[in-house]
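Here is a short briefing to read beside the model. Keep the sequence and the 3D view open as you go.

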There are 2 protein chains.
Amino acid sequence: MASASTRPRPHRAVRRQQAEPRFDRKLGKILEHATEVFCDKGYEGASMRDLSRATGMSLAGMYHYFGSKERLLYLIQQHTFSTVLSRLRARLSETNDPGHGVRTFIQNHLEYFLEHQQAMKVLSHEDEVLDGEYGRKIALIKREYYRICRDLLDRYKKEKGLEFDSRTAVLSLFGMMNWIYTWYNPRLDGGAEQLSREMGNIFFRGISAR
Amino acid sequence: MASASTRPRPHRAVRRQQAEPRFDRKLGKILEHATEVFCDKGYEGASMRDLSRATGMSLAGMYHYFGSKERLLYLIQQHTFSTVLSRLRARLSETNDPGHGVRTFIQNHLEYFLEHQQAMKVLSHEDEVLDGEYGRKIALIKREYYRICRDLLDRYKKEKGLEFDSRTAVLSLFGMMNWIYTWYNPRLDGGAEQLSREMGNIFFRGISAR
DNA sequence: CCATGGTTCGAACGTTCGTTCTGATCGTAC
DNA sequence: GTACGATCAGAACGAACGTTCGAACCATGG
């Protein structure tokens, strides 16, 4: 289960120029298919043979490129999380208003969530399965993500002179947003803008009352 | 995976008087230990041998009493859910005010949640694993649970003349509450009363603003 | 005192798991 | 054309899986 670093990383081919992106694009596609399988069957429920079948890559090939089932999950979670995080940072750099910042946080989270439902479900649902080095790295990103939201909220709280428990508030907000994967239905529930408006309303009015 | 009714239920001993409760108490203890294992390792990750070891009952004994791993999970979920539901009904029968009803709903949910964290995590986290007859039965209880909360909220909405999307509101509330299992720390976060007050505040003020 | 039937067990069944290994094939660079 | 790295199919590995079996155990009723 543990030990991320004992297994050598697959020997990534050293190429020149335009070969690299094609290589990454192909592996990206494979990661997408793997995400779908993990999403449907769960990490433990999905076998390497399932993953191999779904990606079209041979079993041996999977091990050649990814090294282990654990690392496969790690790569998916790491890629998903850091993409969300970098998008968020880009958006937040445009504002200094903490209230607007939290709205942006919600909007960014839900937009990515609905756009990549499967990846986000794997991120939410297979949260505790990675341990060792992999688990530590994912936990690090997650803590930073939490930190950003909490800091924004604390600034907002001070600015408006409000009183509430920041920790409970932030984690309740995360709960609202991350629970979506258990119920979201695009036919019944609107898009990301509508959902983030409604959840943002509940959350903001909720913490804003004196 | 499917088919609940193909396997015969274990022949429950027909006994008189005080033997029954002892029988049930023993099996109840075993279910508690099994809950702990499912909670720690997940349904797929937990093996019948793990469960057998944790409960102190032999592997064959587990099958004698519970029939299958699937039915074991079903019994845990069914017992947990119907206990929550019957407690809720008892409390709700004392009030007719929908606002107070929703507060009671939150209080009841969180109280049981913190009192039986492991069982509730198994209920939340292993939500999609049961299919067939078992899955249908659990889904039925869940829908009824959802219905109660939604009806209360709709009555509250009409009474106060508010406007918000009931579905999104109820499911956001469930998200806040059910996500707790991923972060709750009794040292940092208070007891059930405090948490349900804080979440209740966020939720109520959130939906109440015009 | 033995027969009965629920209870419990160790051992085994066949399957699938994650992973590794062996060669064969194929396209490309020299 | 040949050497090489990428990629493959397929078999094999030991371990672990969910489940079943047959025989002991043990209290009870005749």
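In this predicted model, 18 residues surround DNA strand D. A residue counts as near a strand if one of its heavy atoms lies within 4 Å of it. The closest are A:Tyr65, B:Met48, B:Arg49, B:Tyr63 and B:Lys69. Of the atoms of DNA strand D that come within 4 Å of the protein, 55% belong to sugar and phosphate.

**Ground rules**

- Residues are numbered from 1 along each chain as its sequence is written, while chains are lettered from A and ligands numbered from 1 in the order in which they are written.
- Local features need pLDDT of at least 70, side-chain atom pairs count only at pLDDT 80 or more, and totals for chains, interfaces and linings use all residues; side-chain values use heavy atoms, with hydrogens and water left out.

**The surface near DNA strand D**

- By class, this surface has nine nonpolar, four polar and five charged residues.
- Here Ala, Val, Leu, Ile, Met, Phe, Trp, Tyr, Cys and Pro count as nonpolar, Asp, Glu, Lys and Arg as charged, and the others, Gly among them, as polar.
- Three helices each supply at least two residues: α3 (59–66) of chain A, and α2 (48–55) and α3 (59–66) of chain B.
- Helices are DSSP runs (H or I, at least four residues), numbered from the N terminus.

- B:Met48 uses a backbone N or O atom, 2.8 Å from a phosphate oxygen of DNA strand D.
- A:Arg49 has a side-chain N or O atom 3.4 Å from a base nitrogen of DNA strand D.

**A buried glutamine**

- A:Gln77 lies in helix α4 (residues 69–92) of chain A.
- Beyond neighbours within four places in sequence, A:Gln77 is in contact (heavy atoms within 4.5 Å) with residues including A:Leu123, A:Glu126 and A:Ile138.

**A covered helix**

- In chain B, seven of the nine residues of helix α6 (residues 117–125) are buried.
- Among them are B:Ala119, B:Lys121 and B:His125.

Note on methods:
Polar contact = N/O pair within 3.5 Å; in protein donor to acceptor, adjacent residues only side chain to side chain. Buried < 20%, exposed > 50% of the residue type's maximum accessible area, 1.4 Å probe, protein only.
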